[in-house]
Amino acid sequence: MNIALILAGGTGSRTEQSVPKQFISIYEKPIIIYTLEAFERHPEVDAIIVSCIEGWQDVLKGYAKAAGIKKLRWVIEGGDNGQASARKALLALEEVCVEDDIIIIHDAVRPMITEEIITDCIEKAKEYGSGLSAVRCQETIMRTDNGENGSEGIDRNDIMRVQTPQAYQYGKVLWAHKEALNRGITNAVYTNTLMLELGADLHFSLGSNKNIKITTLEDIDMFKAMYSTERDSWLKSGKDKEGAKVTPYRGRVMEIAK
């Protein structure tokens, strides 16, 4: 079984909006729904669990129902940070999953995720135990202690930019989160950083520079530009790339502040 674990526990303070960033409406649809739709469409994803910010679980369920998201089986309250949110979801699946099941962890605010990226992530996790969506860094990299100056360059051939989704075999990732808690590791940025601290050897999978994480208002502008380009090329006809009919979102939406 392949289960998508969507992290939606953040408040999104850097977008300076009155609602959490994952619920900001763009083109009359909350950001998180774009993300859920990608996993809903994927033929290899069997179910979805969302670790959701407190007080928004019922809102999410309503949006998902209106959007026709049928694979959403669990909505749980998120934790104090991403690590805690992932751990709570993994623990909630203990009675459901077996060790070899694949868990695909993804940020709710990465709505440009594609079928190809999800597929490769799952395949790498099945083969190696992990699959981390990643891309080569194209910029010049420097090391700095204060963000104001630097004197040491880092060879960009030696680094990768890791994104989500990140897929892991369930037994391995559940052990890692429990062991991290036992060792006092409580604020890992992502599951991959937690597993690296535990000495894991991790494998990369397909990533994309389009797979942006919406954190600031500037990111919203980039998403709107990329999505509208896609919409102009294939949504205008009322069909998606597979030729299936596009169903418009008909739920109540929360508009982004002007």
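Let's start with helix 5. Helix 5 has 13 residues and reaches 18 Å from its first C-alpha to its last, close to the 18 Å expected at 1.5 Å a residue. Keep in mind that this is a predicted model.

Which residues of helix 5 are buried? They are Y170, V173, L174, A176, H177, E179 and A180. Look at the spacing as you trace them. An α-helix has 3.6 residues a turn, so residues three or four places apart point the same way.

Now, what covers those buried residues of helix 5? The cover includes helix 3, strand 6, strand 10 and helix 6, which runs over 191–197. Just after helix 5 comes G184, with a positive phi of about 80°.

On to charges. Side chains of opposite charge can pair when their charged atoms come close. How many salt bridges does the model have? The count comes to six. I'll take you through three of these six.

Next, E179. E179 forms a salt bridge with R183, and the closest N and O atoms are 2.8 Å apart. E179 has a relative accessible area of 19%, and the cut-off for buried is under 20%, so E179 is buried. R183 is partly exposed, with a relative accessible area of 48%.

Then there is E37 with K29. Here the closest N and O atoms are 2.9 Å apart. E37 is at 13% relative accessibility, so E37 counts as buried. K29 is at 11%, so K29 counts as buried as well.

Let's move to helix 4. Helix 4 covers residues 115–128. Why does its length make sense? At 1.5 Å a residue, its 14 residues should span 20 Å, and its end C-alpha atoms are 20 Å apart, so the two agree.

The buried residues of helix 4 are I117, I118, T119, D120, C121, I122 and A125. What covers them? Among the covering elements are strand 1 (2–8), helix 1 (31–41) and strand 6 (102–107). Strand 7 (130–136), strand 10 (160–169) and strand 11 (204–206) are part of the cover too. Just after helix 4, G129 takes a positive phi of about 95°.

Let's zoom in on one residue there, T119. T119 lies in helix 4. Its relative accessibility is 17%, so T119 counts as buried. Which residues does T119 contact, leaving aside its neighbours within four places in sequence? T119 is in contact with H42 and E44. Also look at S205. T119 and S205 are 86 residues apart in sequence, but 9.3 Å apart in space, C-alpha to C-alpha.

Next, a strand residue. R143 lies in strand 8, residues 141–143. Is R143 buried, partly exposed or exposed? With 46% relative accessibility, R143 counts as partly exposed. Not counting residues up to four places away in sequence, R143 touches G150, S151, E152 and I154. R143 and G153 are 10 residues apart in sequence, and 6.2 Å apart in space, C-alpha to C-alpha.

Now the cysteines. How many disulfides are there? A search of the whole structure finds zero. Two cysteines to look at are C52 and C137. C52 has 0% relative accessibility, so C52 counts as buried. C137 has 8% relative accessibility, so C137 counts as buried too.

Last topic: confidence. The protein chain averages a pLDDT of 88, and 86% of the residues score at least 70. Where does pLDDT stay under 50? That is over residues 235–258. For that stretch, the model has 43 contacts beyond four places in sequence. Take care with those contacts. Where pLDDT is low, the predicted coordinates should not be read in detail.

Terms used: Residues numbered from 1 in each chain as written. Heavy atoms only, no water. Helix = DSSP H or I, 4+ residues; strand = E, 2+ residues; numbered from the N terminus. Expected span 1.5 Å × (residues − 1). Buried < 20%, exposed > 50% of the residue type's maximum accessible area, 1.4 Å probe, protein only. Contact = heavy atoms within 4.5 Å. pLDDT = per-residue confidence, 0-100. Disulfide = S-S within 2.5 Å. Salt bridge = Lys/Arg side-chain N within 4 Å of Asp/Glu carboxyl O.
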